[in-house]
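Subject: Structure for your review

Dear colleague,

Please find below the structure that I am handing over to you.

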Amino acid sequence: MTKQPWIRRARRALLSAGTTAVLAAGLLTATAGNSQAATQQPCDIYAAGGTPCVAAHSTTRALYAGYGGPLYQVRRASDSATRDIGVLSTGGYADAAAQDAFCANTSCVITVIYDESGKGNSLTQAPAGGAAGGPDNLANAFEAPVTVGGHKAYGVYVAPGTGYRNDHTNGIATGDQSEGMYAIFNGKHFNGGCCFDYGNAETNDHDTGNGHMEAVYFGNNNVWGSGSGNGPWVMADLENGLFSGVNTRFNAGDPTVTNRFLSAMVKGAPNQWAIRGGDAQSGSLSTFYSGVRPNASGYNPMHKEGSIILGIGGDNSKGAQGTFYEGVMTSGYPSDATENAVQANITAAGYSSASTSTGSLTPGSRISLQATTAPCCTADYLRHDDADNKVVISNINSASSATDKADATWIARAGLANSSCLSFESVDNPGQFLHHYNYELYLSADTGSGSFAQDATFCPTTGNSGVGRSFQSVNFPTKYLRHYNFTAYIGSNGGSNAWDSTSSWAQDTSWLTASPWS
Ligand code: AHR
């Protein structure tokens with residue numbers, strides 16, 4: 001079979017990378033802040049260090065300077081058609097516009113995250129495993145918008161129940177063989193469920209015993225191990241334990257991490273392993289642990305099996321949440337210097353939060369916000385209540401009273417707390433704004449306080465279901481304007497309040513910006 005051009009280019013890049021390893025960090029740093037792809041990407045750097053990638057997954061950019069193939073595949077709801085999403089140029093950033101065009105006026109899920117290494121280790125929907133439930137859900141393709149090097153892209157948003165896996169891999173470490181891995185996560189999106197992992201797991205989807213996994217974990221689960229502070233922590237999932245260091249439970253050296261974009265690394269060799277991490281936007285890596293295997297039985301030697309998981313535990317435990325942008329697994333134990341050069345490449349790539357456009361929500365416009373959840377609510381609009389100052393949804397139509405129409409009409413204002421976001425002022429109660437209090441929505445007069453401004457400011461994003469817009473609370477970024485039982489709240493996709501229910505969350509938090517009723 002004829003080799004694809006990107007494979008030939010990647011081979012050439014790998015060979016030349018071998019002679020320029022020591023320059024890698026400097027070359028890459030020189031690209032910081034511009035939108036050009038680096039001359040070496042993470043897998044070129046690992047190859048130059050003698051520890052080549054054997055799996056490379058990203059929905060945001062090429063991980064080899066010579067890669068020009070597909071990054072991931074989406075499937076749209078309207079006709080179940082699929083489309084590969086590639087790069088804008090060889091070695092460059094994801095073509096997010098292709099996703100936007102293909103998924104316009106419908107919703108899309110991510111069906112495949114392709115392996116760029118040429119080993120065929122792509123990730124698809126995780127099957128059922130030893131833990132209850134499965135096969136797992138696929139990620140909504142629009143729920144993790146991001147900007148990389150000035151380019152719009154989308155990450156993989158793992159809500160509880162979502163997971164990807166490959167049980168038939170090629171070249172991934174088994175037994176006590178050495179390997180390394182890194183992932184870039186959204187450091188603000190996590191929970192205590194088991195287990196938001198990326199890395200090496202069992203090939204039969206069941207818990208087959210201590211030492212049968214070696215994956216990087218991120219979250220604040222403290223059932224097994226924990227580090228300093230309240231979490232979240234980067235830990236290693238080695239099966240039947242999330243490890244923060246040599247002790248099976250607490251290790252003070254593993255810090256709580258707070259970066260919006262987080263570089264998280266784990267590597268393992270015979271009786272040696274390490275956890276490292278850092279800010280994926282700037283600066284260097286810190287070593288949170290490096291030393292011998294944990295002092296519990298079954299972890300030395302290791303019994304790695306070589307499947308790959310994303311967003312779940314080895315036995316398909318799927319209570320965790322998080323967001324993944326890119327990650328790789330290597331053959332061999334990468335040196336700290338190699339990983340430091342990879343970190344320099346990551347920070348030069350230019351990850352930042354997605355910029356949003358207000359579109360028809362231009363400040364000053366009158367609008368009505370129409371619910372999108374079918375079949376209950378598509379004729380309902382966000383409105384304030386006449387009986388009290390609560391905010392609800394209800395049916396509004398051309399025969400509705402003038403009062404009802406006015407109650408369902410809002411003036412978009414530049415956000416009281418952030419002018420690039422929005423606040424919503426009532427048309428029939430001037431000076432009164434939509435705001436949350438105890439996570440429930442109310443209409444109240446602007447008090448002028450900073451806290452009211454925050455509670456009344458929402459940042460528009462692409463609709464969480466892929467339809468319309470969603471409105472993210474500026475001071476509770478995991479929570480979005482949501483209707484639940486016909487009352488309005490700010491809710492997260494899973495959480496402690498009834499209105500954080502994951503059921504219909506994406507639809508309940510997606511709104512159409514309709515012509516104003518009044
Ligand atoms: O090691 C923690 C978790 O324990 C694994 O991910 C899972 O397989 C088991 O339930």
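Predicted model: local features only at pLDDT ≥ 70, side-chain atom pairs only at ≥ 80, totals over all residues.

The ligand site

The ligand is surrounded by 13 residues, and the closest of them are D237, E239, N240, G241 and D315. Sorted by class, this shell consists of 4 nonpolar, 5 polar and 4 charged residues.

The side chain of D237 places an N or O atom 2.6 Å from an oxygen atom of the ligand. In the case of D315, an N or O atom of the side chain is 2.8 Å from a ligand oxygen atom. N240 takes part through its backbone, where an N or O atom lies 2.9 Å from an oxygen atom of the ligand. The ligand on its own would expose 280 Å², and the protein buries 94% of that area.

Helix α5

Helix α5 covers residues 336–349. Most of the helix is covered, with 11 of the 14 residues of α5 buried. Among the buried residues of α5 are T338, E339, Q343, N345 and T347, together with A341, V342 and I346. After α5 comes G350, which has a positive phi, near 85°.

The disulfides

A disulfide is a covalent bond between the sulfur atoms of two cysteines. In this model the count of disulfides comes to 4, and three of them are described here.

C43 and C53 are joined by a disulfide with an S to S distance of 2.1 Å. The angle about the S-S bond in the link of C43 and C53 is -95°, which makes the link left-handed. C43 belongs to helix α3 (residues 42–48) and C53 to strand β1 (residues 53–58), so this pair ties together parts that are 10 residues apart in sequence. Both C43 and C53 are buried.

A further disulfide links C194 and C195, with 2.1 Å from S to S. At -90° about the S-S bond, the link of C194 and C195 is left-handed. Both of these cysteines, C194 and C195, are buried.

C376 and C377 also form a disulfide, and here the S to S distance is 1.9 Å. The link of C376 and C377 is left-handed, with -105° about the S-S bond. C377 counts as buried, because its relative accessibility is 2%.

A contact of E425

E425 is located in strand β25, which comprises residues 422–426. With a relative accessibility of 9%, E425 counts as buried, because the cut-off for that class is under 20%. The side chain of E425 is joined to that of R413 by a polar contact of 2.6 Å.

Yours sincerely,

A colleague

Methods:
Residues numbered from 1 in each chain as written. Heavy atoms only, no water. Near = heavy atom within 4 Å. Polar contact = N/O pair within 3.5 Å; in protein donor to acceptor, adjacent residues only side chain to side chain. Areas by Shrake-Rupley, 256 points an atom, 1.4 Å probe, with all protein chains shown as cover. Nonpolar A, V, L, I, M, F, W, Y, C, P; charged D, E, K, R; others polar. Helix = DSSP H or I, 4+ residues; strand = E, 2+ residues; numbered from the N terminus. Expected span 1.5 Å × (residues − 1). Buried < 20%, exposed > 50% of the residue type's maximum accessible area, 1.4 Å probe, protein only. Disulfide = S-S within 2.5 Å.
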